[in-house]
Amino acid sequence: MMTTILMILRLWAAVVLAVFAGRLVAKIKLPSILGWLIAGMVLGPYALGLIHQPLLDAGWYKTLMRILECGIGLMIGTELVWKTIKKSGKQIIVTTLTESMGTFVLVTLSFGAIFYLTDIPLYLAFLFGSIALATAPAPALSIIREFNTKGPVTKTLMPMAALDNIMAVVIFFSAVSVVSANVTSEKMPLYFVVLTPFLPLIIGAAVGLPAGQVLKKQKNPRLSLATLIGFILAAAGMGFIFVNLIFPGMMLNFMLIGIAFSTVFANSVSEEKLKELMVLFYPILGVSMIAVMLNLGTPLDYHLISGAGVFTAVYILTRTLGKYFGAYWGATVTKAPETVKKYLGLTLLPHSGVSLVFTGIVVSTLTVPAPQEAKIIQGTIAAAAIINEIIAVLMAKKGFELAGEMESKKDILQL
């Protein structure tokens with residue numbers, strides 16, 4: 001009991017320090033999220049150790065992070081009101097396909113050529129490509145909230161963040177299932193591949209439907225907020241039931257659960273009601289964002305920067321080119337606004353949270369049958385995660401800035 005209390009105090013102290021780090025970084029006109037990420041690295045187990053490994057491994061801590069991720073999904077889902085996005089639906093779908101598949105193909109072909117010449121198994125190229133197409137939406141979303149961005153790039157990015165995650169999960173688990181069937185003695189169940197991208201959407205929608213019906217009838221703002229929090233906990237709880245009891249070992253994206261949940265209830269209540277709810281929820285959302293981004297920074301070992309090699313450089317470069325030009329091509333084909341063509345790709349570069357989860361799955365799959373290949377994946381992505389995430393946050397901010405969508409700056413805790 002005392003150990004748990006001390007861990008909670010460690011986490012609370014780390015969040016407070018991250019807030020100060022974010023505000024310090026903001027004073028030099030950089031996104032606060034950069035301060036939160038750096039705070040995670042400095043306070044994590046590879047540096048000062050305030051957030052030490054026993055805390056990261058604690059069951060209650062992992063549960064808390066999944067719940068907070070579910071809550072952050074409201075940032076996207078509440079923007080997916082059908083009547084406001086139906087006009088750009090085709091553009092969003094096509095651009096998501098071109099930027100995700102463009103990234104997958106470019107990274108896979110680049111590593112395929114390198115591995116062919118260096119006598120490294122070619123299947124690793126497909127794994128690199130499938131990891132690379134994932135986008136971590138939280139960094140760009142925190143910039144949207146902090147700088148109050150509004151415009152075509154912002155409107156396109158919000159729904160794409162959800163679709164991009166679905167695409168990433170589908171392609172990644174398809175690639176892993178094929179590799180595991182040929183390299184290991186254990187085959188990934190087919191239903192894992194099918195259910196992993198869609199089960200979070202089903203869970204979120206199933207909880208969001210009654211939530212919308214209840215919320216639209218409630219008049220008391222505080223009661224509405226309590227009800228919303230209760231349904232968020234219910235949605236996350238259903239996710240835990242599936243991953244712990246029904247499908248042990250399955251990876252569920254809890255942010256997707258939150259996105260699906262909030263999309264359904266947001267389309268059930270009035271615009272006035274939705275705005276009222278989100279204004280009340282913003283302080284909780286702000287703290288959730290800081291805690292999740294702090295958690296995102298803790299597994300990043302800055303010592304790996306000095307050991308980053310050619311594979312890391314190739315990975316960062318080809319992924320960046322794939323995201324940018326894939327988005328540019330999709331926006332051009334669908335005749336999107338000029339700012340979307342030029343700058344959307346810059347907002348899609350944040351990556352580390354999803355990439356590290358995917359990398360962990362690949363490493364656990366390859367460690368026994370192909371330990372050397374597992375080390376190649378782990379070392380390359382771990383180093384790339386640190387370097388790319390710092391660059392990506394700056395590039396994402398620059399993308400919104402060049403698009404002319406940064407209206408005003410405000411502290412996310414004061415939303």
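Helices here are DSSP runs of H or I with at least four residues, strands are runs of E with at least two, and both are numbered from the N terminus. The model is a predicted one, in which local features need pLDDT of at least 70 and side-chain atom pairs count only at pLDDT 80 or more, while totals for chains, interfaces and linings use all residues. Residues are numbered from 1 along each chain as its sequence is written, and side-chain values rest on heavy atoms, with hydrogens and water left out.

Helix α18 covers residues 352-366, and valine 354 is found in it. With a relative accessible area of 14%, valine 354 is buried (buried is under 20% relative accessible area, exposed over 50% and partly exposed in between, with a 1.4 Å probe and protein chains only). Setting aside residues up to four places away in sequence, valine 354 touches Ala134, Thr135, Ala136 and Asn165, a contact being heavy atoms within 4.5 Å. The C-alpha atoms of valine 354 and alanine 134 are separated by 6.5 Å, although the two residues sit 220 residues apart along the chain.

Because phenylalanine 172 lies in helix α10 and phenylalanine 358 in helix α18, the pair ties together parts that are 186 residues apart in sequence. Both phenylalanine 172 and phenylalanine 358 are buried. Tyrosine 324 and phenylalanine 325, by contrast, pair edge-to-face, at 5.1 Å centre to centre and 85° between the planes. Tyrosine 324 is partly exposed, its relative accessible area being 22%. Elsewhere, Phe111, Phe115, Phe128, Phe311 and Tyr315 form one aromatic cluster.

A search of the whole structure turns up one cavity of 30 Å³ or more; a cavity is a set of points, on a 1 Å grid over the protein atoms alone, where a 1.4 Å probe fits but cannot get out, and lining residues have an atom within 4 Å of a point. The largest cavity has a volume of about 60 Å³, where volume is the space filled by probe spheres set on the points, and grid points are joined across faces, edges and corners. Its lining includes Thr135 and Asn165, both of which also touch valine 354. Two or more lining residues come from each of α9 (137-146) and α10 (152-183), and α10 gives the largest share, five residues. By class, the lining has seven nonpolar, three polar and one charged residues (Ala, Val, Leu, Ile, Met, Phe, Trp, Tyr, Cys and Pro count as nonpolar, Asp, Glu, Lys and Arg as charged, and the others, Gly among them, as polar).

Helix α2 (residues 32-43) is mostly covered, with ten of its twelve residues buried. Among the buried residues are Trp36, Leu37 and Met41. The cover over the buried residues of α2 includes α1 (2-26), α9, α14 and α19 (371-402). The end C-alpha atoms of α2 are 16 Å apart, which agrees with the 16 Å that its twelve residues should span at 1.5 Å a residue (the expected span is 1.5 Å times one less than the number of residues). Within α14 (residues 271-297) sits serine 288, which counts as buried at 5% relative accessibility. Leaving out residues up to four places away in sequence, serine 288 touches Leu68 and Ile72.

Note on methods: On a 1 Å grid over the protein atoms alone, a cavity is a set of points where a 1.4 Å probe fits but cannot get out, and a pocket is an open set with protein on both sides within 12 Å along at least five of seven lines; lining residues have an atom within 4 Å of a point. Rings of Phe, Tyr and Trp (its six-membered ring) pair if their centres lie within 6.5 Å; planes under 30 degrees apart count as stacked, over 60 as edge-to-face and the rest as tilted.
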